[in-house]
Amino acid sequence: MAIELEELLDEAREEALRLGHDFIGTEHLLLALAGSTDSSVTEAFGAASLTPETVRLGLEQALRPGPHRDAATERPLRSGARKLLDAARAADPADTVTIMLTTMGRERRGPIAQALGRTGKPERAEQAARPAKADAEEEAVPAVERPRRGGRGEPRSQEQPRRRERPPRPVERVRAEIPPLPPPRVIPPKRKRFKLSYLLLVFIPLSWVLAQMHADPLLVFGAACIAVLPLAGLMGTATEHLAHRTGPSIGGLLNATFGNAAELIIALVALRAGLVDLVKASITGSILGNLLLILGLSLIAGGLRKPVIKFNQATAGMSAAMLSLAVVGLVMPALFHSIHPEIIYAPRALHLSEIVAVLLGLTYLASLYFSLRTHKDLFAGVSHPVEGPVWSVGVAVAVLAAATVGVSIESEILVHATEAVTRSLGLTPIFLGLIIIPLIGNAAEHATAVVLAGKGQMDIALQVALGSSTQVALFVAPVLVLAGLLMGQPMDLVFTPFEVIALGLGTGVVAIITLDGESHWFEGLQLLVVYGIIAAAALVI
């Protein structure tokens with residue numbers, strides 16, 4: 001059974017808290033390993049001629065405790081610990097502990113080298129690997145006296161005092177002063193839980209049957225919406241497994257490309273059907289949904305774990321700046337229309353949208369180069385963790401292709417029922433595109449962000465919320481503009497005044513909340529209130 005790296009990281013965080021350290025290093029990871037009762041850990045220590053008790057005892061002697069610190073203090077990962085976890089994630093789950101111990105064993109200085117006996121002296125290595133029981137047995141054996149001859153070759157008389165016994169070794173003296181360690185925490189194995197997405201797969205054939213039977217459009221629309229949810233989840237899961245196999249650079253490119261794939265497919269199908277207003281509303285709705293709804297839920301989920309949520313201020317600032325630039329590009333055609341409304345349908349208005357789309361697309365490519373090449377250290381550790389066994393490349397590609405085809409089919413069914421649904425329910429295309437479509441296309445990724453925030457991984461949740469909004473503005477919107485030209489359905493970027501004002505207000509509120517690098521659950525509730533106000537306004541328009 002392979003050890004769970006996220007649980008190991010939580011244990012390392014607790015060890016750092018116990019020792020009063022304001023960071024998480026490789027020594028804390030080794031302490032967590034030595035305190036685990038997982039069978040794979042015991043086997044790996046045995047294969048290295050070590051025992052967890054001896055290693056933990058050596059680390060306790062070598063580490064210096066720091067001052068008492070609050071449990072809410074953020075403890076960032078040091079570069080060595082981050083590289084060690086990345087190497088463990090890239091390896092076979094069955095060899096995780098062995099890879100970690102092998103990597104730690106290469107150190108020649110520091111507390112880990114002292115605990116493992118890797119300081120360059122063989123006798124220390126032998127001493128570190130020797131169990132405590134063997135030391136006790138050695139002390140029980142009396143020292144053999146060597147015969148001492150006098151001047152005439154006679155042996156020393158028995159009345160002469162024996163030679164002075166050697167003083168106790170430093171390790172034994174320190175060991176006698178250390179109180180006994182608490183018993184290691186037992187980490188129960190995770191139970192395989194039934195996922196709700198498996199049950200939602202039933203709606204895929206159900207939506208096909210309802211569409212072929214020409215059933216009530218509301219039933220067809222509802223079944224197609226629910227069927228998209230597990231398919232979008234499978235696309236995201238397959239992308240994560242594929243990114244895990246291909247490495248950080250290509251993996252980051254795959255995550256950036258397929259992050260909003262389901263929503264993009266729905267928008268392309270709607271654009272081909274001539275629902276331009278619906279497509280334009282889905283762009284602004286996706287940005288607002290990520291900024292206000294998902295970030296708000298993530299802050300609430302993280303705030304329930306600890307009172308003050310801290311995250312990477314540099315990454316949040318860069319994402320907020322990128323998002324502001326994208327919003328400026330989307331708002332500019334609408335500003336042009338407000339100044340010159342008489343030429344909105346002229347070729348110049350459409351050409352302006354095309355120029356803006358090209359510039360936004362080039363900015364998106366530059367952002368990929370920035371985050372994946374020149375400044376990739378700023379974004380280290382923001383990839384989604386892969387749970388369970390990693391899929392092979394063939395399986396991941398097959399699942400991704402099948403889910404993409406499924407989303408395309410469901411999008412056709414959904415779009416064909418849209419007009420009838422809006423007439424029967426009295427909804428406007430703006431509300432449908434602003435609220436309903438973004439929730440359907442991004443539900444799986446949104447749920448992942450909230451769950452990760454609840455586990456304390458706020459940097460990843462923040463990157464999902466802000467990164468997805470930026471991707472919609474810099475990638476999805478330009479692709480739709482250029483696709484409209486190829487399909488014969490020209491689409492400009494002239495949004496309604498309501499959408500423009502909502503984008504500006506949402507971006508401003510999120511920038512105020514995130515730029516200080518910390519937040520709490522009440523600020524998440526405020527974001528939800530803002531989103532609810534915008535949704536109510538879109539409903540009554």
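Helices (H or I, at least four residues) and strands (E, at least two) are DSSP runs, numbered from the N terminus. By that assignment the protein has 25 helices and two strands. The model is predicted, so local features need pLDDT of at least 70 and side-chain atom pairs count only at pLDDT 80 or more, whereas totals for chains, interfaces and linings use all residues. Residues are numbered from 1 along each chain as its sequence is written, and side-chain values use heavy atoms, with hydrogens and water left out.

**Figure 1. Overall view of the protein.** Of its 541 residues, 43% count as buried, where buried means under 20% relative accessible area, exposed over 50%, and partly exposed in between (1.4 Å probe, protein chains only). The accessible surface comes to about 28,200 Å², and 63% of that belongs to carbon and sulfur atoms. Areas come from the Shrake-Rupley method with a 1.4 Å probe; for residues, only the protein chains shown count as cover. Among contacts (heavy atoms within 4.5 Å) between residues at least 6 apart in sequence, 81% join residues at least 24 apart.

**Figure 2. Helix α5 and its surroundings.** Helix α5 spans residues 79–90, which makes 12 residues. From first C-alpha to last it reaches 16 Å, close to the 16 Å expected at 1.5 Å a residue; the expected span is 1.5 Å times one less than the number of residues. Ala 81, Leu 84, Leu 85 and Ala 88 are buried in α5. These residues lie on the same side of α5 because they cover an arc of only 95° around the axis, the arc being that of the directions from the helix axis to the C-beta atoms. An α-helix has 3.6 residues a turn, so residues three or four places apart point the same way. On the other side of α5, Lys 83 and Ala 90 are exposed. The cover over the buried residues of α5 includes α1 (5–19), α2 (26–34) and α6 (96–104).

**Figure 3. Salt-bridge network at Glu 15.** A salt bridge is a side-chain nitrogen of Lys or Arg within 4 Å of a carboxyl oxygen of Asp or Glu, and a search of the whole structure finds four. Glu 15, Arg 18 and Arg 56 are linked in a network of such bridges. Glu 15 pairs with Arg 18 at 2.7 Å, N to O; the two are three residues apart in helix α1, so about one helical turn separates them. Glu 15 is buried, at 10% relative accessible area, while Arg 18 is partly exposed, at 44%. Arg 56 also bridges to Glu 15, with the closest N and O atoms 3.1 Å apart. Because Arg 56 lies in helix α4 (residues 52–62) and Glu 15 in helix α1, this pair ties together parts that are 41 residues apart in sequence. Arg 56 is buried, as is Glu 15.

**Figure 4. Salt bridge between Asp 492 and Lys 280.** The closest N and O atoms of this pair are 3.0 Å apart. Distant parts of the chain are linked here: Asp 492 is in the loop between α23 and α24 (497–514), and Lys 280 is in helix α16 (residues 276–303), 212 residues apart. Lys 280 is buried, with a relative accessible area of 12%.

**Figure 5. Nonpolar patch on the surface.** Ile 355, Val 358, Leu 359, Leu 362, Leu 365, Leu 482 and Leu 485 form the patch, with about 640 Å² of accessible area together. Patches are made of residues with over 30% relative accessible area and no salt bridge; like charges are joined within 9 Å, and nonpolar side chains (Val, Leu, Ile, Met, Phe, Trp, Tyr) within 5 Å. Two or more residues come from each of α18 (347–374) and α23 (458–487), and α18 gives the most, with five. Leu 365, in helix α18, is exposed, with a relative accessible area of 53%.
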